[in-house]
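Keep the 3D view open and find each residue as you go.

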Amino acid sequence: MDKNKYLLLLKYILDSYVRTFLFTVPFFVFLYLFLKLSGMYSKLDLKFDSPLILLPLFASLALSVIVLLFGLILYVYKYKRNTSSTPFYKAVSGAIDEKLRDKNK
C-alpha cells in the first residue's frame, strides 16, 4: 500500500486526538473551578479508596478488557468479506485518494 495513505490516516487519527484533548481540558477546568468556587470540592472524599476514584477506574478497566477481547475475536476469527464496498468505505477512500492526488500535483 502507498506510504502516503498511511501517513494521511495517521494525520487524521492524531488530529482527532488533539481535538478531543482540546475540548475536554476546558470542560474539566470549568468543572474544577465550579466545584472549588462553590465549596463542594473540599467536601469530596478523594482518598485512594474513595468510590469516586475506584468506580471509574474499575469501569474503564472492565471496558478495556471487553474491547481487547472483542478485538482479538475479530482479529482471529476468519471470515470472508463481501466483495461489495459499503458507502462509508467508498466515501472515505474517495476522499483519501483525492487528497493524495492533490498532494502529488
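1. Start with Lys-11, which is partly exposed at a relative accessible area of 41%. Buried means under 20% relative accessible area, exposed over 50%, and partly exposed in between (1.4 Å probe, protein chains only). Asp-15 is also partly exposed, because its relative accessibility is 28%.

2. What do the side chains of Asp-15 and Lys-11 form? They meet in a salt bridge, 3.3 Å from N to O. A salt bridge is a side-chain nitrogen of Lys or Arg within 4 Å of a carboxyl oxygen of Asp or Glu. A search of the whole structure finds one salt bridge. Both Asp-15 and Lys-11 sit in helix α1 (residues 3–38), four residues apart, or about one turn of the helix.

3. A word on how to read these values. This is a predicted model, where local features need pLDDT of at least 70 and side-chain atom pairs count only at pLDDT 80 or more, while totals for chains, interfaces and linings use all residues. Residues are numbered from 1 along each chain as its sequence is written, and side-chain values use heavy atoms, with hydrogens and water left out.

4. Now look for rings: the whole structure holds two aromatic pairs. Rings of Phe, Tyr and Trp (its six-membered ring) pair if their centres lie within 6.5 Å; planes under 30 degrees apart count as stacked, over 60 as edge-to-face and the rest as tilted. Phe-27 and Phe-28 have ring centres 5.2 Å apart and planes at 70°, so this pair is edge-to-face. Phe-27 is partly exposed at 48% relative accessibility, whereas Phe-28, at 51%, counts as exposed.

5. Tyr-32 and Tyr-41 also pair edge-to-face, with 5.1 Å from centre to centre and 80° between the planes. Tyr-32 has a relative accessible area of 39%, so it is partly exposed. Tyr-41 is partly exposed too, at 31%.

6. Step back to the whole chain. How many helices and strands does the protein have? There are three helices and zero strands, running α-α-α from the N terminus on. These are DSSP runs numbered from the N terminus: helices are H or I of at least four residues, strands E of at least two.

7. Finally, the overall form. The C-alpha trace spans about 60 × 40 × 25 Å along its principal axes. Of the 105 residues, 5% count as buried.
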